[in-house]
Amino acid sequence: MKYEILGEPLPVVVCYPEQNETLITERGSMCWMSPNMKMETTSGGLGKAFGRMFSGESMFVNRYTATGGGGMIAFASSFPGSIMKFDVTPGNDIIAQKSAFLASESGVEFTVHFQRRFGAGFFGGEGFIMQRFSGHGMVFIEVDGFCKRYDLNPGQRIIVDTGYLAAMTASVSMDIESVPGLKNKFLGGEGFFNTVLTGPGTVWLQSMPISAVAGAIRPFIPTGNN
């Protein structure tokens, strides 16, 4: 399937499916399409629906299928940043932050990914639940702000501040470590814990997580007491 990603920092991915090809998307992500794209809303089963809900997505997804020839459909990002395309193949799963999913080919499986280490899940910035993409096909995910890729060798580590992990290959392990020193913890403004990612594998980091944006604008939002 052909596609093009346009318009950063408010990007859109325009896909050109062949006849009978199907794309799956989060509810409300479609922004324009050709008239021959047939839409079907589905939960994909109760287990998958609850899995999507726990990972920050809608319980329902929309399936768009090109009928009577090739079609065109566009999906817009919900936040300033980037749209990244990943080629998922058997044994090469992608794990992404909550609410990252934008659209995928029908051969991609979407499941909940629970951090095996409780500490990494509880303190690692994305919570205990992330998203896992497996199967075969292309998947498009949303990244908050600019995206930087790092390829880690076996045993190579990178320390990431809370919330800045956008995605990683399933071969990367995730853990947390405490910020050293009481003064650093309480006065440094970086929190008590950092996320530690260890190779082998690839990680994609984002420059503007929604949580950081929310914290920056919170002091300027009028309260009910004003």
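**Aromatic pairs, strand pairing and backbone geometry**

Phe133 is buried, with a relative accessible area of 0%; buried denotes a relative accessible area under 20%, exposed one over 50%, and partly exposed the range in between, for a 1.4 Å probe and protein chains only. The model is a predicted one, in which local features need pLDDT of at least 70 and side-chain atom pairs count only at pLDDT 80 or more, whereas totals for chains, interfaces and linings use all residues. Residues are numbered from 1 along each chain as its sequence is written, and side-chain values use heavy atoms, with hydrogens and water left out.

The protein contains four helices and 19 strands; helices (H or I, at least four residues) and strands (E, at least two) are DSSP runs numbered from the N terminus. Of the 226 residues in the protein, 44% are buried. Among contacts with a separation of 6 or more, 77% are made by residues 24 or more positions apart, contact meaning heavy atoms within 4.5 Å.

Six aromatic pairs were found in a search of the whole structure. Rings of Phe, Tyr and Trp (its six-membered ring) pair if their centres lie within 6.5 Å, with planes under 30 degrees apart classed as stacked, over 60 as edge-to-face and the rest as tilted. For Phe86 and Trp204, the ring centres are 4.6 Å apart and the planes stand at 85°, so this pair is edge-to-face.

Phe133 takes part in an aromatic pair with Phe110, which is edge-to-face, with 5.4 Å from centre to centre and 75° between the planes. Phe110 is located in strand E11 (residues 108-114) and Phe133 in strand E12 (residues 129-135), so parts of the chain 23 residues apart in sequence are tied together by the pair. Phe110 is buried, at a relative accessible area of 12%. Ring pairs also connect Phe101 with Phe110 and Phe133 in a cluster.

A charge is found over a ring at Tyr150, where Lys148 lies over the face at 5.4 Å from the ring centre; the criterion is NZ of Lys or CZ of Arg within 6 Å of the ring centre and within 35 degrees of the ring normal. The search of the whole structure returned zero disulfides, defined as pairs of cysteine sulfur atoms within 2.5 Å. Cys15 is buried, with 0% relative accessible area, and Cys147 is also buried, with 14%.

Strand pairing is described next. Strands E15, E18 and E17 form, in that order, an open sheet of three strands with antiparallel pairing; two strands pair if DSSP finds at least two bridges between them. The edge positions are held by strand E15 (157-160) and strand E17 (173-178), each of which has a single partner strand, so one side of each is left without a neighbour in the sheet. From one strand to the next, the twist averages 30°, where axes are lines fitted to C-alpha atoms, for helices over the stretch in contact, and angles run from 0 to 180 degrees between N-to-C directions. Ile158 has Leu197 in E18 as its bridge partner.

Ser104 is placed in strand E10 and counts as buried at 2% relative accessibility. Leaving aside residues up to four places away in sequence, Ser104 touches Thr22, Leu23, Ile24, Met138 and Val139.

The peptide bond joining Gly199 and Pro200 is cis, with omega about 20°, and Pro200 lies in the loop between strand E18 (193-198) and strand E19 (201-206). Asn20 has a positive phi of about 70° although it is not a glycine. This residue, Asn20, occupies the loop between strand E2 (12-16) and strand E3 (22-26) and is exposed, with a relative accessible area of 56%. Ser99, likewise not a glycine, has a positive phi of about 65°. The loop that holds Ser99 runs between strand E9 (94-96) and strand E10 (101-105), and Ser99 counts as partly exposed at 38% relative accessibility.
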